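Here is a short briefing for a first look at this structure. Start with the overall picture, then move to the details by topic.

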Amino acid sequence: MKHVIIIGAGAAGIMAALAAAGQGASVTLLEKNNIVGKKMGITGKGRCNLTNACAMDEFVAHTPGNGKFLYSAYGQFSNENLLDLLHQWGLETKVERGGRVFPQSDSAIEVRKLLYDRLCRVGVHIRLNEAATAVQRWGDTFAVRTQAGQYEGDACIITTGGMSYPVTGSSGDGYGFAKSLGHAVTELKPSLIPFTTKETWPHALSGLSLRNVEASLWKRGKMLASQFGEMLFTHFGVSGPIILMLSAAAAHKKQCQYPMQLRINLKPALSKETLDQRVQRDFQKYIRKEAENAMKDLLPQRLIPIVLEQAGIDGRCQVNQISREQRQDLVDSLQALTLTITGTRPIEEAIVTAGGVSVREINPKTMESKLTPRLYFAGEVMDIDAYTGGYNLQAAFSTGYVAGMAAAKEE
Ligand SMILES: Cc1cc2nc3c(=O)[nH]c(=O)nc-3n(C[C@H](O)[C@H](O)[C@H](O)COP(=O)(O)OP(=O)(O)OC[C@H]3O[C@@H](n4cnc5c(N)ncnc54)[C@H](O)[C@@H]3O)c2cc1C
């Protein structure tokens, strides 16, 4: 019987352990926390966006970090395979906006408990509070050292996650293990992370969220990425769904060196002409008011002074004194409210880590190292990362499954 050692009990490690044990291997799962799947328990704001209901090609398209590397893993263990398993084990799920799949109970903890229960049922040896400190290969045997002792096995799967949210256990240990076994680790960057801004006015607007706006990132007059949807001002800059998506695009573009410019189109559905007519109508309606009191139908009150300032208009100026040119500047400011992005929040606060163990040195069909036979990697420790929408967990589940199956196979 093959003995497989798995380091890290997140989504990838748990699925690897279940797959390997299902093939009859003896599996030891080492986890530094006192529970398995700690990060899973906080995913999807505690609701766990398990996967997405879209086609597999869409998964690849939503994975800016080496999506194509995942084709084979998705072919072997798709979103449907994952949901079939979870349903078989008693978890009910539902599909929400954008194809996002959640447990019916809206409880990430239920998913974590269910998976823990499955691990116990198939006889995986779960070693909690055991952080691996080194991985070595002696002939045909892998030796994994922990604070408490040493484990030996025929195969080893590294599923230690990335660098973000280290409180959940993912503090980057796997990169050190990979390097010690000769693997290259690509540059680690935060992805799906809020931006910090040079301007301090967003701090004053902290908590204000904008819906149906378009935000775009610019560098030297060239647009690098743009997103439509919801964003939020915070005490350090900007956040919210479309900002997180822009940060993922930024993590994968070479030209994306900070500082960059963020332009917010507050009225993306309107052409310049239509917006100008709309402003004129409002100015007519509030003809005796000052500019800062004449735009409340158009914008949230707190944003009005900022837009006026960027347009170079004094907020106390009466609207009937605003010239046509000034109104054009106002329309420009409404469609390109500008901020200087100085960087991102620290990687510890990122939803995912971009970069990791180079996928060039990993066989995409098995997740086996091309350098060290019977060493495998799965999940976020590899140089893969996706957008929000359930794509990151599916990548971890799929690669974990493939690694577990391959590691358990008898020669
Ligand atoms: C706040 C938040 C919300 C998220 N929401 C979603 C979502 O809804 N949907 C989605 O698809 N993705 C989401 N993600 C991303 C997703 O959670 C991760 O991409 C995914 O968990 C990666 O799985 P993993 O198994 O590779 O790593 P992890 O889940 O990070 O698991 C790694 C495990 O390895 C253990 N470990 C590390 N080092 C050692 C060591 N030396 N010895 C022993 N154990 C070790 C860690 O303790 C940890 O348990 C979210 C991420 C965050 C931070």
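Of the chain's 411 residues, 55% count as buried (buried means under 20% relative accessible area, exposed over 50%, partly exposed in between, with a 1.4 Å probe and protein chains only). This is a predicted model, in which local features need pLDDT of at least 70 and side-chain atom pairs count only at pLDDT 80 or more, while totals for chains, interfaces and linings use all residues. Residues are numbered from 1 along each chain as its sequence is written, and side-chain values use heavy atoms, with hydrogens and water left out.

**The chain as a whole**

- The secondary structure comes to 13 helices and 19 strands (DSSP runs numbered from the N terminus: helices are H or I with at least four residues, strands are E with at least two).
- The C-alpha trace spans about 85 × 40 × 35 Å along its principal axes.
- Among contacts with a separation of 6 or more, 71% join residues 24 or more positions apart (contact means heavy atoms within 4.5 Å).

**Around the ligand**

- The ligand is surrounded by 36 residues (a residue is near a molecule if one of its heavy atoms lies within 4 Å of it).
- The closest are Glu31, Ala132, Asp173, Glu380 and Leu393.
- By class, this shell holds 15 nonpolar, 15 polar and six charged residues (Ala, Val, Leu, Ile, Met, Phe, Trp, Tyr, Cys and Pro count as nonpolar; Asp, Glu, Lys and Arg as charged; the others, Gly among them, as polar).
- Helices α1 (11–22), α2 (43–46), α7 (173–180) and α13 (391–408) each supply at least two residues of the shell. α13 gives the most, with four residues.
- A polar backbone atom of Gly44 is 2.9 Å from an oxygen atom of the ligand. A polar backbone atom of Ala132 is 2.9 Å from a nitrogen atom of the ligand.
- A backbone N or O atom of Asn392 lies 3.4 Å from a ligand oxygen atom. Taken alone, the ligand exposes 1,000 Å², and the protein buries 95% of that.

**Helix α5**

- In α5 (residues 79–88), Asn79, Leu82, Leu83, Leu85 and Leu86 are buried. They sit on the same side of α5 because they cover an arc of only 160 degrees around the axis (the arc is that of the directions from the helix axis to the C-beta atoms).
- Glu80 and Gln88 are exposed, on the face of α5 turned away from its buried side.
- Just after α5, Gly90 takes a positive phi of about 105 degrees.

**Leu82, inside α5**

- Leu82 belongs to helix α5. Its relative accessibility is 0%, so Leu82 counts as buried.
- Not counting residues up to four places away in sequence, Leu82 touches Met15, Leu50, Thr51, Phe77, Gln394 and Phe397.
- Leu82 and Tyr401 are 319 residues apart in sequence, yet 9.6 Å apart in space, C-alpha to C-alpha.

**Backbone details in loops**

- The peptide bond from Tyr258 to Pro259 is cis, with omega near 0 degrees. Pro259 lies in the loop between α9 (241–251) and β16 (260–265).
- Asn66 has a positive phi, near 60 degrees, though it is a residue other than glycine. Asn66 is partly exposed, at 31% relative accessible area.
- Leu192 is not a glycine either, and has a positive phi of about 55 degrees. Leu192 counts as buried, at 0% relative accessibility.

Technical notes:
A polar contact is a pair of N or O atoms within 3.5 Å; within protein, one must be able to donate a hydrogen and the other to accept it, and residues adjacent in sequence count only if both atoms are side-chain atoms. Accessible areas come from the Shrake-Rupley method with a 1.4 Å probe; for residues, only the protein chains shown count as cover.
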